[in-house]
Amino acid sequence: MKLVTFNIRGDFGIDGENNFDCRKPLILQRIQAQQPDVIGFQEVMPHVQRWLRQNLPGYTVVGCGRKADYSDEAMTLAIRNETAELLGFEVFWLSPTPDQPGSRYVHQSECPRTCAAAIVNVQGMGGPIRIYNTHLDHLDPESRRLGLEQVLRRMEADAARRPMPAVLQGDFNAEPDAPELAALKQKTPSLGLRDITEAFPFTFHNFYRGQEPICKIDYIFVTPELAAGKVERWMDSENGVYLSDHCPICAELWRQPQE
């Protein structure tokens, strides 16, 4: 299967030549050329989600906004209809009350954070897999730690109830050695997650404007049942216009042969 994590950059109208309207043709061109089976988007505003549904006719596009009324940014999945089937989809909030829309941790920024959890059956994968698509808080390290640990506990519980290969992906807003990401190695050995994007020196570039340092904050982690082939950053640009302020990451995955 071909899987992508893609922070599409919220459409705030402040990016000049890289405003979302300017980036639309480049985004469609890359998706149409690559035809991923599954795309996990972050920072998808409601009108951008409508645009995805209208302009990706070969995909099922699902997601809901993070606020109490389901408005604002969404963790959105696009599933390619020709090669994949969406078997289950659920959104939970990164908070002490994950079933309460709009909830968040007490020290968090004003932005609620969510995780979209899906079960997807992709042709050639030998059975369904779980995909967890998330975006951790941009301001508070403790909220990132709590949110990540919550997602990992959910992954462990899902695996205990019904084992299947799993992918954890998204924008973690922290570099690989950040203390808040320690749980990926220390507290969930049963998942056996490995970062198949570890070779990349950066994934966030802020349109190369120099206002913030480029850094690696986007990830794809997989469980041991999954092998990775080609993993690449989409670094397209035309006349100073980029796909996003992040590099989308595309990975080719397959299920490891059973011994």
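Visitor: Where does Ile214 lie?
Guide: This is a predicted model. In it, Ile214 sits in the loop between β9 (194-195) and β10 (218-222).

Visitor: Why is Ile214 called partly exposed?
Guide: Its relative accessible area is 44%. Buried means under 20%, and exposed means over 50%. The value for Ile214 falls in between, so the residue is partly exposed.

Visitor: Which residues form a nonpolar patch on the surface?
Guide: Tyr208, Ile214 and Met235 form that patch. Together they have about 280 Å² of accessible area.

Visitor: What makes Gln34 buried?
Guide: Gln34 has a relative accessibility of 18%. The cut-off for buried is under 20%, so Gln34 counts as buried.

Visitor: Where is the place of Gln34, and what does Gln34 touch?
Guide: Gln34 is in helix α1 (residues 20-34). Leaving out residues up to four places away in sequence, Gln34 touches Lys2, Glu232 and Trp234.

Visitor: How do you know that a polar contact joins the side chains of Gln34 and Lys2?
Guide: The distance is 3.1 Å. A polar contact needs a pair of N or O atoms within 3.5 Å. The side chains of Gln34 and Lys2 are joined by such a contact.

Visitor: Which residues are buried in helix α2?
Guide: In α2 (residues 46-55), Val48, Gln49, Trp51 and Leu52 are buried.

Visitor: Why do the buried residues of α2 line one face of the helix?
Guide: Look down the axis of α2. The buried residues fall within an arc of 155°, so they line one face.

Visitor: What do the buried residues of α2 pack against?
Guide: They pack against α1, β2 (38-44), β3 (59-62) and β4 (74-80).

Technical notes:
Residues numbered from 1 in each chain as written. Predicted model: local features only at pLDDT ≥ 70, side-chain atom pairs only at ≥ 80, totals over all residues. Heavy atoms only, no water. Helix = DSSP H or I, 4+ residues; strand = E, 2+ residues; numbered from the N terminus. Buried < 20%, exposed > 50% of the residue type's maximum accessible area, 1.4 Å probe, protein only. Polar contact = N/O pair within 3.5 Å; in protein donor to acceptor, adjacent residues only side chain to side chain. Contact = heavy atoms within 4.5 Å. Arc of directions from axis to C-beta. Patch = residues over 30% accessible without salt bridge, like charges linked within 9 Å, V, L, I, M, F, W, Y side chains within 5 Å. Areas by Shrake-Rupley, 256 points an atom, 1.4 Å probe, with all protein chains shown as cover. Salt bridge = Lys/Arg side-chain N within 4 Å of Asp/Glu carboxyl O.
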